[in-house]
Amino acid sequence: MSQLKSKRALINWDLVSVNPNDKNWNWTDLFCFWGVNIQSVIGFSLITSLYLVYELNTLIVLTGTLIGSLLVCFFSNLIGKPSQKFGLPFVVLLRSSLGIRGAKYFGFLRGLVGIFMFGIQTYFLSKAFGYLIRIGIFYFQPTLLDNEFFLIFFLGLNIIDWASILISIFLQTLLFGAGMNFNKKLIKFSAISVYFGMLLFFLIVLLTDVKFTSKVFIDSLDYKNLIDMKNLLPLITVTGTVFAYFSIVILTFGDFSRYVKNEIELKKGNLSLILNLIIFSFFALFIVTGVDSFLKQDPDNLSRILTNPTDIIGSLNNLLITNLVLIFIIIASLSTNLVANFIPSQYTLINLIPSSLSLKTSSLIISIFGFLVGIFWVTYLSQIGILSFIDTFGAFFGPLFGIVICDYYFIKKRNLNNKDIYSLENNGVYYYSGGWHIKGIYSLIIGFIFSSSTIWNSNLMFLQSYSWIIGLVIAGFVYFLLARK
């Protein structure tokens, strides 16, 4: 293959180093980035459940949350620095460790998981749109929803469900394919808007009865028996749970850090995750305990504590609050889907066929397959345990991270040949054996075996929250032993 053709086969304007003028992200942008990662229905339920449902010591949960977030910051700095320095997305950086072709196909695993999770998240996003549509129809014509037309189902979805999922797909395709400059604005708008919504809801709960709600919130906190060996296991569990929640974002964090101005802004921005967790946890806990205390005064509502935002608004019987919360849920779900699933999938797809795909075409592919996942989620995919297979693909992520970090910091000594990383020439530094770095592939498989064993081996499932770190350590260590020779 000629040198010109080999370059064309690997170069894409979305994969080349970021122009220094476009490195305009500062720590506040990363604050918003981490904000949208925690501002989700799952994040809300997870945080409040850790504090309230499992009856754990409050300081133990807080300490575990902080330790987990510090681990996320540490690993995000490790993977974010090379991308920030060279302006490259993760999949291009992976070429240095696994070879040109190894990075193409093993990097695509992140895209497969991202596309599938995008489809699932799109389905749940469409439910929020569906609620709004039903509320609107009921408001103007209460009896219309009883029409047989709305009782016809296909693939478990009626006409409103189909309209909702089409709106979700179209809106995300339109917004997310506009490029990183627009996505940056979308992320900031979402983070600020959702925090404003949580502040608004917090004030509504607080001002209903300041003394009562404040007392309920304080009483919900448990500080007893802090220094107790029995708290060690819950501390480890909470730490692992928080880390596992963010782990899917860490691997491809370089897709965003490549736009950060400098390393100082990168470190400050990653530390802002801790501030995000504190703010979000306070609002979430106060809202949940406050609403629960009012419901418990009603003899008909003496049920378990509600930690899911949709369950909470469903129990309030207030149309204005319901509509507002649904709008904020839509905003939060959109941005979370963008940073956790859509953008990483864009880069892995483009890296798969660099000469043919762009942000626009990759966005269309993601949307098509995401739409298919969304419409088949209820009737088929959710019934066959497909998430176990997705978790298995995800077991590659920790080992991939470990190999990249070991290669960059210990083998290549923080150096990168920006020319050869786009070359398919036999004498290219990253061509290795026909485009495959055998030592890297071998290390990846060994790490994957250990990581996936926490998913499929029932005796090791208690380590599943740490499967990412286990795979990272094993793969990184094996790679170091092999590649240093």
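Helices (H or I, at least four residues) and strands (E, at least two) are taken as DSSP runs and numbered from the N terminus. The structure is a predicted model, in which local features need pLDDT of at least 70, side-chain atom pairs count only at pLDDT 80 or more, and totals for chains, interfaces and linings use all residues. Residues are numbered from 1 along each chain as its sequence is written, and side-chain values use heavy atoms, with hydrogens and water left out.

K413 is found in the loop between α18 and α19 (438–456). The phi angle of K413 is near 55°, a positive value in a residue other than glycine. K413 is exposed, with a relative accessible area of 55%; buried means under 20% relative accessible area, exposed over 50%, and partly exposed in between (1.4 Å probe, protein chains only). The loop between α18 and α19 also holds Y432, a residue other than glycine whose phi is likewise positive, near 50°. Y432 counts as partly exposed, at 26% relative accessibility.

K104, by contrast, has its place in helix α7. Its relative accessible area of 17% is the reason why K104 is classed as buried. When residues up to four places away in sequence are not counted, K104 touches N351 and L352, where contact means heavy atoms within 4.5 Å. K104 and K85 are 19 residues apart along the chain, and their C-alpha atoms are separated by 22 Å.

Helix α7 (residues 100–140) packs with helix α17 (residues 386–394) at an angle of about 145°, the axes being 9 Å apart. Axes are lines fitted to C-alpha atoms, for helices over the stretch in contact, and angles run from 0 to 180 degrees between N-to-C directions. The crossing of α7 with α17 is left-handed, a term applied if the near helix is turned anticlockwise from the far one by less than a right angle, with right-handed used if clockwise. On the α7 side, the contact is made by L109, V113, F116, M117 and I120, and on the α17 side by I386, L387, I390, F393 and G394.

Grid points are joined across faces, edges and corners, and a volume is the space filled by probe spheres set on the points.

The largest pocket contains about 1,400 Å³ of space. Its lining comprises 43 residues, of which I42, M117, Q121, Y245 and I248 lie nearest the centre. Helix α7 gives the most to this lining, with nine residues. By class, the lining of the largest pocket has 25 nonpolar, 16 polar and two charged residues. The second largest pocket holds about 300 Å³. Of the 17 residues that line the second largest pocket, W13, D14, D22, R258 and Y259 are the closest to its centre.

Two cavities of 30 Å³ or more are present. The largest cavity has a volume of about 330 Å³ and is lined by 21 residues, with M198, P309, V325, F328 and I329 nearest its centre. The lining of the largest cavity divides into 18 nonpolar, three polar and no charged residues. At least two lining residues come from each of α3 (41–53), α9 (180–208), α13 (263–296), α14 (309–316) and α15 (319–352).

The second largest cavity has a volume of about 40 Å³. It is lined by L93, S96, S97, V404, D407, Y408, K412, N415 and L416. Helices α6 (95–98) and α18 (397–411) are the elements that give two or more residues to the lining of the second largest cavity, and α18 gives the most, with three residues. This lining divides into four nonpolar, three polar and two charged residues.

Conventions: 1 Å grid on protein atoms, 1.4 Å probe; cavity = no way out; pocket = protein on both sides within 12 Å on 5 of 7 lines; lining within 4 Å. Nonpolar A, V, L, I, M, F, W, Y, C, P; charged D, E, K, R; others polar.
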